[in-house]
Amino acid sequence: MSTTAAGSRDLPYADGDFYAFEQLLSAKEQDRLAEVRDFLAREVRPIAADCWNRGEFPMDLIPKLAEVDLVSPVRRQGQSNLFAGLVHAELTRADASIATFMGVHDGLFTGSIEALASQEQQDAWLPDIYALKKIGAFGLTEPLGGSDVAGGTRTTARRDGDTWILNGAKRWIGNATFSDWVVIYARDVDDNQVKGFLVDTALPGYSATRIENKISLRTVQNADIVLDNVVVPGFFKLANANSFRDVNKVLKVTRLAVAWQAVGQQLAAFDVARNYAVERHQFGRPLASFQLIQNQLVQILGNAVSSMGMMVRLAQLEDDELARDEQSALAKAFTTERMRESVALGRSILGGNGIVTDYGMAKIFADAEAIYSYEGTAEINTLVTGRAITGISAIV
C-alpha cells in the first residue's frame, strides 16, 4: 500500500494548507503550481520509492523536468519568492531526493552563476543551465570541513598565468557523479581568500566517486570529489566570487530553499499519516477515531502550518529585498526541528508499517535526517541567530 497526497482529495483540507497561504499567490501562479503538482503526481511519485530503494537516479526524468521548466523561477521567469518556495515544498512532498537534485542544480549551482558570475559568463553558461542541458553541482563541503569550512577551506587555487590550478577534495557533493559542471570553491594561496570556479567535470585530474551506504536521500548521487592539479581556464573563474562573504550570498538564499523542503517533508508526513489513520482499522474502528491519533495528526499539521507561516513571511521579505542572513538561519533551524518531530510522529502512527518503504513513511522519516543536517546544522544556525539578537558570537 502506498499513500500519497493525490490519493487524499476526498478528505477535508486535502492540500494541507490549513490557513490558505496559497491564496496569497497570483491567479497565474496558482495555476502554475497546480500544473507542477500534476506533473509530480504523474512523473515523480510513481517512481520515487523504487529509485530510493535501488539508490539509483532516474536519468530519464531530467528531460521531463526540463519540459516543465522549473529552473530559476524568480530571476528568469519573474515569479514571486513565495511561488518558488511553494514549488520547492511540493517537489519535496513528492520526493525529497528529486527536490534535492533540483535544489543543487537550481539553487546552489545556478544560484552561484546568477549571483557571482559576470554578465559575459552568465550569457555563455546560463542558457544550457536553465534548459538542463548542462547539469551542475556545488563543491563547498570537504572531507575534513563542514560547519567550519568558511575559515577552513583546504582546497587550494593557484594562479598560473591565464589559468588556475586547483588541488584538494570535496565531499557530499550532490549530482557530482553525473554532472557536466561543478562550481568549486577554493582558497587562493596568494591572498588566502575563497574564490569560485566553474569546473568542467571532463577535465584531467578531476574525479568523482559515489558515496555508498546512505540511509537518507538514497536517490541523490552524492560524491567524493578529488582535484589533482586541475587546470581551469581564467574565464571560468567566477568574476564576483572573491571571498567567503560572496559565497554567503548564495547560501542565504539556498538555506531558505532547505527550509521550504522541511515544509514539504512535513506535508508529506501529514499526507501519509492522515490517510493511513483514516483507512486503517484497529479494534473495529478507524485508527483516526482514537483521540491520541488525532492529537498526533494535529501536532504534525500545526508544525507544518507554523513552518509555512514563517516561510511565507520570509518569502515576502525576499521579494522586498529585506531578508537577512539571520532570518534564513532561524528559518532553517526552526522548520527542520519541527520537521524532525513531525516525521517521528508520522512514523509512530504507522506502527510497524512505518519502517518499510511500501507505506511511504519510512522514506519520509529517513530523508528528513539529511534535510536536518545540510545547509547548516541546527546548532550552527541557532548560533547565527543568537549572535544577531545578542551582538555576541558564541561560535568558536
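Visitor: Hello! What should I know before I start?

Guide: Welcome! Residues are numbered from 1 along each chain as its sequence is written, and side-chain values use heavy atoms, with hydrogens and water left out. Since this is a predicted model, local features need pLDDT of at least 70 and side-chain atom pairs count only at pLDDT 80 or more, while totals for chains, interfaces and linings use all residues.

Visitor: Let's begin with strands. Which way do the residues of strand S1 point?

Guide: Helices (H or I, at least four residues) and strands (E, at least two) are DSSP runs, numbered from the N terminus. In S1, residues 136-139, Gly-136 and Phe-138 point one way and Ala-137 and Gly-139 the other way. All of them are buried, and here buried means under 20% relative accessible area, exposed over 50%, and partly exposed in between (1.4 Å probe, protein chains only).

Visitor: How many bridges join S1 to strand S4?

Guide: Two strands pair if DSSP finds at least two bridges between them. Four bridges join S1 to S4 (residues 181-188), and the two strands run parallel. Look for Gly-136, which stands opposite Trp-181 in S4.

Visitor: Now salt bridges. How many does a search of the whole structure find?

Guide: Here is the general idea: side chains of opposite charge can pair when their charged atoms come close. The rule asks for a side-chain nitrogen of Lys or Arg within 4 Å of a carboxyl oxygen of Asp or Glu. The whole structure holds 22 salt bridges. One of them joins Lys-195 to Asp-191, with the closest N and O atoms 2.7 Å apart. Lys-195 is buried at 6% relative accessibility, whereas Asp-191 is partly exposed at 38%.

Visitor: How are Lys-249 and Asp-246 placed in helix H7?

Guide: They are three residues apart in H7 (residues 244-279), which means about one helical turn separates them. Lys-249 is partly exposed at 47%, and Asp-246 is buried at 12%.

Visitor: Which helices hold Arg-340 and Glu-369?

Guide: First, the pair itself: the side chains of Arg-340 and Glu-369 meet in a salt bridge of 2.9 Å, N to O. Arg-340 lies in helix H9 (residues 325-349) and Glu-369 in helix H10 (residues 361-373), so this pair ties together parts that are 29 residues apart in sequence. Salt bridges can also share partners: Glu-22, Arg-37, Glu-90, Arg-93 and Asp-271 are joined that way into one network.

Visitor: And aromatic rings? How many aromatic pairs does the structure hold?

Guide: A pair of aromatic rings is described by the distance of the centres and the angle of the planes. Rings of Phe, Tyr and Trp (its six-membered ring) pair if their centres lie within 6.5 Å; planes under 30 degrees apart count as stacked, over 60 as edge-to-face and the rest as tilted. The structure holds 13 such pairs. Phe-18 and Tyr-19 have ring centres 5.9 Å apart and planes at 35 degrees, so the pair is tilted. Phe-283 and Phe-290 have centres 6.2 Å apart and planes at 70 degrees, so this pair is edge-to-face. Phe-283 is exposed at 78%, and Phe-290 is partly exposed at 24%.

Visitor: Which residues form one aromatic cluster?

Guide: Tyr-13, Phe-18, Tyr-19 and Phe-21 do.
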